[in-house]
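Visitor: Hi, I'd like to walk through a protein structure with you. Can you put it up on the screen?
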Amino acid sequence: MCFIISYIGHDCKDIPDFLGDTYGHFARRLDLSFNQLRSLAGIKTFTELEELVVDNNLLGNDLQLPRLPNLHTLTLNKNQLTDIEALLEHLADVTPSLEYLSLLGNEACPNQLVSPDKDEDDYQRYRYFVLHKLPQLKFLDTRKVTKKEVMEAQARGAFMKVVKPKSDATALISSELLIDASYLGEKRVCPQQPRNEAGSESHPLPYTPLPRGSRDARNHKGVFAKCRYVYYGKHSEGNRFIRNDQL
């Protein structure tokens, strides 16, 4: 006999204690969708759980599940999960029987329908990485897992994780660069100019390939230097009909 417990759309922030106390020991399917859950600590009494649906909640990277040896179906659609590797390692530890998993609508799942900046290649790499961590899966998101995907995951899945630069590192790089206003149309970027002794920033000079001594138009001098490339003329179109004795 299958006992299904549904507690949908109550805007609860925690799983009510009475659910576990009353139904935890014999419930097989639990649906907690459309609430405001940030933790699933309350399901520790659902020891016989086989299916867990917690779509449209506020679950983040600190998600912790109790050990659920019989759980074969888990859907975490439309939550706030971003760290795919930590989540998969946790699921591999506490849900050894998991076969059906869905993570659509999370940043950790680069699906093109919910992330317009992603494409099918991004999503396929994500599938390979998930299957590398959870090789027993039979169904991921909206697709059945194929034998080809399992083989690719075994061979290359470990290298399919997409690493994004951290926001603080990006901000540091941005602070070291200053866009020259006179060259915005060409998207030129020059290093930030040092501050003078008074503490104010000096005006950045427009970009020029000339040495410093040749930048002043009123005091221009010829510049001579060595070049590492020498032109011999053998690839020139103008030399096609000129004999060597005419050079």
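Predicted model: local features only at pLDDT ≥ 70, side-chain atom pairs only at ≥ 80, totals over all residues.
Visitor: Got it. Are those two tyrosines buried or exposed?
Guide: Tyrosine 123 and tyrosine 126 are both buried.
Visitor: Let's hop over to helix H2. Which of its residues are buried?
Guide: H2 covers residues 84-94, and its buried residues are Ile84, Leu87, Leu88, His90, Leu91 and Val94.
Visitor: And how do those sit around the helix axis?
Guide: Looking down the axis of H2, you find the buried residues within an arc of 160°, so they line one face of the helix.
Visitor: What covers them?
Guide: The cover includes strand S4 (73-75), strand S5 (100-102) and helix H3 (120-133).
Visitor: What does aspartate 83 do at the start of H2?
Guide: One of its side-chain oxygens reaches to within 3.4 Å of the backbone nitrogen of glutamate 85.
Visitor: New topic: aromatic rings. How many aromatic pairs are there?
Guide: The count comes to 5 aromatic pairs. One of them is phenylalanine 3 with phenylalanine 26, an edge-to-face pair at 4.9 Å centre to centre, with 65° between the planes.
Visitor: Where do those two phenylalanines lie?
Guide: Phenylalanine 3 is in the segment before strand S1 (4-6), while phenylalanine 26 is in the loop between helix H1 (17-23) and strand S2 (29-31). So the pair ties together parts that are 23 residues apart in sequence.
Visitor: What about their accessibility?
Guide: Phenylalanine 3 counts as partly exposed, at 29% relative accessibility. Phenylalanine 26 is partly exposed too, at 31%.
Visitor: And how do the rings of tyrosine 123 and tyrosine 126 pair up?
Guide: Those two form a tilted pair, 5.3 Å centre to centre, with 35° between the planes.
Visitor: Which residues do ring pairs link into a cluster?
Guide: Phe3, Tyr23 and Phe26.

Conventions: Residues numbered from 1 in each chain as written. Heavy atoms only, no water. Buried < 20%, exposed > 50% of the residue type's maximum accessible area, 1.4 Å probe, protein only. Helix = DSSP H or I, 4+ residues; strand = E, 2+ residues; numbered from the N terminus. Arc of directions from axis to C-beta. Contact = heavy atoms within 4.5 Å. Polar contact = N/O pair within 3.5 Å; in protein donor to acceptor, adjacent residues only side chain to side chain. Phe/Tyr/Trp six-rings, centres within 6.5 Å; stacked < 30°, edge-to-face > 60°.
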